[in-house]
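Morning, everyone. I'll take the salt bridges today. Here is the model.

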Amino acid sequence: MFRKLCGKKALQNVIILTNMWGEVTPKRGAARELELATDDLLFKRILDHCARMVRNENTAESAQVLILSLIENRPCALRIQEELVDE
C-alpha cells in the first residue's frame with residue numbers, strides 16, 4: 001500500500017529509520033535489520049526502489065546523518081497526489 005501511495009519515483013526520498021539499538025545486542029540488531037531489508041513483506045521492495053535505511057542510535061551524530069540524508073532529497077509529487085489532482 002505504501003509503495004502504491006508514494007509511487008516508484010518518490011520512493012527515492014523515503015528513509016526507513018530503525019531505532020532501539022541500545023535495547024538489543026549489536027548481533028541481534030543487525031540480524032533484525034537484515035530481516036527488514038530482505039523480506040518482501042517488510043521493506044525489501046521499498047529499498048529496491050532506492051529508499052534508504054538509516055539507524056537512529058539516539059546520538060547527535062545519528063541525528064545529523066538523518067538530517068543530511070533528508071537535505072539531499074529532491075521534492076516530487078506522490079503518486080496519490082498525481083491521481084487526485086492531475087488525473
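Arginine 79 and glutamate 82 both sit in helix H5. They are 3 residues apart, about one turn of the helix. Helices here are DSSP runs of H or I, at least four residues, and strands are runs of E, at least two, numbered from the N terminus. The side chains of arginine 79 and glutamate 82 form a salt bridge, 3.3 Å from N to O. By salt bridge I mean a side-chain nitrogen of Lys or Arg within 4 Å of a carboxyl oxygen of Asp or Glu. Salt bridges with shared partners link Lys9, Arg79, Glu82, Glu83 and Glu87 into one network.

A word on the source. This is a predicted model, where local features need pLDDT of at least 70 and side-chain atom pairs count only at pLDDT 80 or more, while totals for chains, interfaces and linings use all residues. Residues are numbered from 1 along each chain as its sequence is written, and side-chain values use heavy atoms, leaving out hydrogens and water.

How many salt bridges does the structure hold? There are 8.

Take lysine 9 and glutamate 82: their side chains meet at 3.0 Å, N to O. Lysine 9 is in the loop between helix H1 (2-6) and strand E1 (15-18), and glutamate 82 is in helix H5 (residues 79-86), so this pair ties together parts 73 residues apart in sequence.

Is glutamate 82 buried or exposed? Buried, at 18% relative accessibility. The cut-offs: buried is under 20% relative accessible area, exposed over 50%, partly exposed in between, with a 1.4 Å probe and protein chains only. Arginine 79 is partly exposed, at 28%.
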